[in-house]
Amino acid sequence: MGCSVSTSSRSACSSGSRGEAVSPLCFEIGFCGTKRTKRTFSDHVITLQNLPSVPNRIFTNGKSRTSCIFTQQGRKGINQDAMIVWEDFMSEDVTFCGVFDGHGPQGHLVARKVRDALPLKLLSSMHSYQSRQNGSGGACLKGNLKKSDGSPEDRLNCLWKETFMKSYKAMDKELRSHPNLDCFCSGSTAVTIVKQGPNLFMGYIGDSRAIMGSKDSNGSMVAIQLTVDLKPDLPREAERIKKCKGRVFALQDEPEVPRVWLPFDDAPGLAMARAFGDFCLKEYGVISIPEFSHRLLTERDQFIVLASDGVWDVLSNEEVVEIVSLAPTRSSAARILVDSAAREWKLKYPTSKMDDCAVVCLFLDGKMDTESDYEEQGLSSATVQSNHSCNAIETDDGQKTELYLPRNFTVRSSEESDSYGRVAAEFEGNVDAVSTEDQNWSGLEGVTRVNSLVQLPRFSEERPNP
């Protein structure tokens with residue numbers, strides 16, 4: 001069941017002198033009244049099957065024209081994080097970025113499914129809107145328009161909000177009915193952004209986070225948090241969950257980690273209030289409706305960092321901005337940030353098993369490293385590229401994922417974790433450096449503070465009345 005974007009028509013922001021149809025909403029960054037020369041999102045048919053061949057789309061460790069991405073497996077089993085940067089997403093000067101942190105027995109599959117399908121749903125929603133509006137009168141709307149009275153930008157903002165809402169809803173609906181993916185006790189976070197000219201549109205659920213590095217009036221770098229970690233103890237989230245008969249509390253030995261529990265069982269203990277999947281909790285207050293926000297970028301804004309909670313658990317926003325801004329090359333920033341998080345896990349939680357980490361660094365001036373930058377650092381471009389490469393393996397969902405030499409961390413000993421149960425987790429492939437103990441490591445074992453789920457629910461035929 002693939003998602004596709006049909007492209008039978010071509011839209012343009014065109015001159016009236018030629019009598020051509022004028023689209024009421026133009027997604028190109030250009031000028032109305034000039035002939036279209038740039039590619040738009042409706043110039044191609046995109047399906048899940050041909051995603052690997054789509055240009056300017058990266059989802060494994062590496063770099064693009066304006067970004068670098070990196071992920072590293074933790075010590076709890078298979079890497080359940082996924083990430084993506086898709087440049088020229090709808091048209092030139094439009095970029096989509098996302099980080100997805102899976103949890104539960106099939107969390108890695110859920111995260112990758114969302115990574116692949118959610119952008120297509122955004123494209124499809126935008127294309128449907130453009131098709132409905134094609135031929136009707138209206139102003140041409142572009143991403144480089146500033147706010148004004150009766151602002152076209154406000155219309156663009158409303159359109160993107162509706163698009164994010166519909167796409168997230170459709171994504172969760174697809175997961176619920178997926179024939180080969182059990183999302184009852186598995187799910188994923190999502191933090192997604194669309195950069196269209198100077199406009200930044202954000203939709204997110206769960207506790208993955210986006211921040212921005214910007215310069216203040218003195219030229220010093222400052223960290224600006226763009227999203228909110230949607231934890232169960234946020235007043236609005238907790239109120240909704242409790243109204244739906246769900247329970248919110250933290251375990252005694254981890255009072256700083258609020259979790260969502262079923263009304264009739266001390267499970268699953270989900271450490272977030274919104275997520276894709278997790279259908280065992282959807283009747284009890286957990287939702288997949290995203291928070292949406294819009295920001296107008298300025299020349300002071302330097303870069304955006306999206307990352308899973310494996311990074312934010314050990315590094316502050318300010319530390320992340322400092323690490324990225326001081327990276328010797330832009331293309332190495334994501335890898336250096338993940339390495340820094342790994343070191344912090346070892347220092348702050350020496351008895352912990354490190355969580356998976358995934359990072360996207362998007363540089364807002366549209367520039368990456370040049371050959372001279374590498375030469376100044378004593379590196380060749382081939383050396384830098386090799387730092388981003390690794391041996392990829394095929395997973396059971398047909399995608400490729402990378403395995404890395406794991407770090408030696410854990411937050412709670414296995415003896416202390418027996419009471420939380422075990423769910424078998426198999427590695428997809430073999431890594432010589434991984435011990436037998438690590439190969440049997442489950443995402444529900446170890447110190448629960450780094451786990452999104454504590455244990456799977458044990459349903460019986462008779463449930464106490466809520």
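1. Helix α5 (residues 317-325) lies across strands β11 (209-215), β12, β18 and β19, and runs at about 130° to β12. Helices (H or I, at least four residues) and strands (E, at least two) are DSSP runs numbered from the N terminus. Axes are lines fitted to C-alpha atoms, for helices over the stretch in contact, with angles from 0 to 180 degrees between N-to-C directions. The model is predicted: local features need pLDDT of at least 70 and side-chain atom pairs pLDDT 80 or more, while totals for chains, interfaces and linings use all residues. Residues are numbered from 1 along each chain as its sequence is written, and side-chain values use heavy atoms, leaving out hydrogens and water.

2. Helix α6 (residues 333-348) packs on the sheet and touches β5 (67-72), β18 and β19, contact meaning heavy atoms within 4.5 Å. The direction of α6 makes about 30° with that of β5.

3. The axes of α5 and α6 come within 9 Å and cross at roughly 135°.

4. From α5, V320, I323 and V324 meet A333, I336, L337 and S340 of α6. Six of the residues in this contact are nonpolar, one is polar and none is charged (nonpolar: Ala, Val, Leu, Ile, Met, Phe, Trp, Tyr, Cys and Pro; charged: Asp, Glu, Lys and Arg; polar: the others, Gly among them).

5. The open sheet has six strands, ordered β4-β5-β19-β18-β11-β12, with antiparallel pairing; strands pair if DSSP finds at least two bridges between them. Five bridges join β18 (residues 301-307) to β19 (residues 357-363).
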